[in-house]
Amino acid sequence: MLDTVPEPAFDRITALTADLFQAPVAIIGFIGSDRVFFKSHHGTAETEARRGTDPSRSVLEPWIRDKYKYGFHAGVPLDSPDGYAIGTLSVIDRRPRRIEEQHMRRLRSLAGVVTDELAMRLAARTASDQADIMKSEVDHRVMNSLQLVSSMLQLQGRSAASTETRQQLLTAAHRVAAVARAHRLFSVNETRERLPIVSHLRELCSELAGILGAEIGVVGAIETSVPRDQVLAIGLIVNELAVNARKHGAGLITVSFGWNGGLHELAVTDQGEGLERGFSVTEPTGKGIGMKVVRALADQLKGQLSVRSPTAGRGTCVAVSFPAR
């Protein structure tokens, strides 16, 4: 509470205290190492006072003697939930006066309102911290579980008798791993609505290169942020296209992310043998589900899927153009 801005919740209490006692000054002060900070100061422009060191007297005693001489002062301590005196609620007048016990009861009741407010704030902060810890633990377990599933699928794929089954299991493992990577990005940036996509793609491509045994990299991309609900779809598209390109013998695979005609464009280019005759992005041939997954993800981004020849050399460039939000 030290050196924080005034708040209506406390200003109302000092105004009510001054009114009940018919006194010009009321203060809610919190105790620092060598001073008392005035969180609320009704009737005075000062914001702090030198702290008194005599434990038998009010911490405001030196300041009151200096400013108000032999006037009236009544104060009660503000105690923390664990019993420490952390401040004072004080009412001050320049003229001497008597005080009745009922007045002190009212002052103690008002001090109780202050400490109740502090206790509620502390409880809210503690609950928030515990929720953050629990969320972090859940995120960690989910990510570990996804990585475990991916590892199990890879092990199962390597031991499969059928080449087709082995390939399908390994592809499934890559998809689960891509989800785990996106989840890791979400957990690190949990409060952000927009996330940097190019750095995520670089990390994704680096890991895919090691897994697939291919050269995969991000080229010519300037860092751009996208809404967090687009990150998973973008990562999965790259994962599917890179795995598919590697399956068809592509040695070098490049990924780009930028602008084209006012739209975001994600493109994956390979130097493989090119697409088979009669291939269509709207109705891809073959039994594989890779391009079907890419089509579904492009629809999720409200984008258009296209295939074109690379600007140089052989191979294929598959691009998804989608509106920027």
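Is His264 buried or exposed? His264 is buried, at a relative accessible area of 3%. The model behind this note is predicted. The points below take the structure part by part.

1. **His264 and its surroundings.** His264 sits in strand E10, which covers residues 263-270. With residues up to four places away in sequence set aside, His264 touches Thr224, Val226, Phe257, Gly258, Trp259, Val320, Ser321, Phe322, Pro323 and Ala324. Its relative accessible area of 3% falls under 20%, so His264 counts as buried.

2. **Helix H6.** Helix H6 spans residues 228-247, 20 residues in all. From first C-alpha to last it reaches 30 Å. That is close to the 28 Å expected at 1.5 Å a residue. In H6, 14 of the 20 residues are buried, so the helix is largely enclosed by the rest of the structure.

3. **Strand E5 and its partners.** E5 runs over residues 85-93 and is mostly covered. Seven of its nine residues are buried. E1 pairs with E5 in the antiparallel sense, over six bridges. Here Val25 stands opposite Ile92 of E5. Strand E4 (residues 72-79) also runs antiparallel to E5, joined to it by eight bridges. Gly75 has Ser90 in E5 as its bridge partner.

4. **The E4-E5 hairpin.** Five residues lie between the strands of this hairpin. In the hairpin, Gly83 takes a positive phi near 95°.

5. **Gln22.** Where does Gln22 lie? It is in the loop between helix H1 (8-21) and strand E1 (25-31). Gln22 is exposed, with a relative accessible area of 56%. The side chain of Gln22 reaches the backbone oxygen of Asp19 at 2.8 Å. Beyond its neighbours within four places in sequence, Gln22 is in contact with Asp93, Arg95 and Arg97. Gln22 and Asp93 are 71 residues apart along the chain, yet their C-alpha atoms are separated by 8.8 Å.

6. **Asp93 and Arg95.** These two contacts of Gln22 also pair with each other in a salt bridge. The closest N and O atoms are 3.4 Å apart. Asp93 is buried, at 7% relative accessible area. Arg95 is partly exposed, at 47%.

7. **Salt bridges overall.** How many salt bridges does a search of the whole structure find? The search finds 13. Side chains of opposite charge can pair when their charged atoms come close.

8. **Asp3 and Arg35.** The side chains of Asp3 and Arg35 meet in a salt bridge, at 2.7 Å from N to O. This pair links distant parts of the chain. Asp3 is in the segment before H1, Arg35 is in strand E2 (residues 35-42), and the two are 32 residues apart. Asp3 counts as exposed, at 53% relative accessibility. Arg35 is buried, with a relative accessible area of 18%.

9. **Glu7 and Lys39.** The side chains of Glu7 and Lys39 form a salt bridge at 2.8 Å, N to O. Glu7 is in the segment before H1 and Lys39 is in strand E2, so the pair ties together parts 32 residues apart in sequence. Lys39 counts as buried, at 1% relative accessibility.

10. Which residues do salt bridges with shared partners join into one network? They are Glu7, Lys39, Glu117 and Arg121.

Methods:
Residues numbered from 1 in each chain as written. Predicted model: local features only at pLDDT ≥ 70, side-chain atom pairs only at ≥ 80, totals over all residues. Heavy atoms only, no water. Helix = DSSP H or I, 4+ residues; strand = E, 2+ residues; numbered from the N terminus. Buried < 20%, exposed > 50% of the residue type's maximum accessible area, 1.4 Å probe, protein only. Contact = heavy atoms within 4.5 Å. Polar contact = N/O pair within 3.5 Å; in protein donor to acceptor, adjacent residues only side chain to side chain. Expected span 1.5 Å × (residues − 1). Salt bridge = Lys/Arg side-chain N within 4 Å of Asp/Glu carboxyl O. Pairing = 2+ DSSP bridges.
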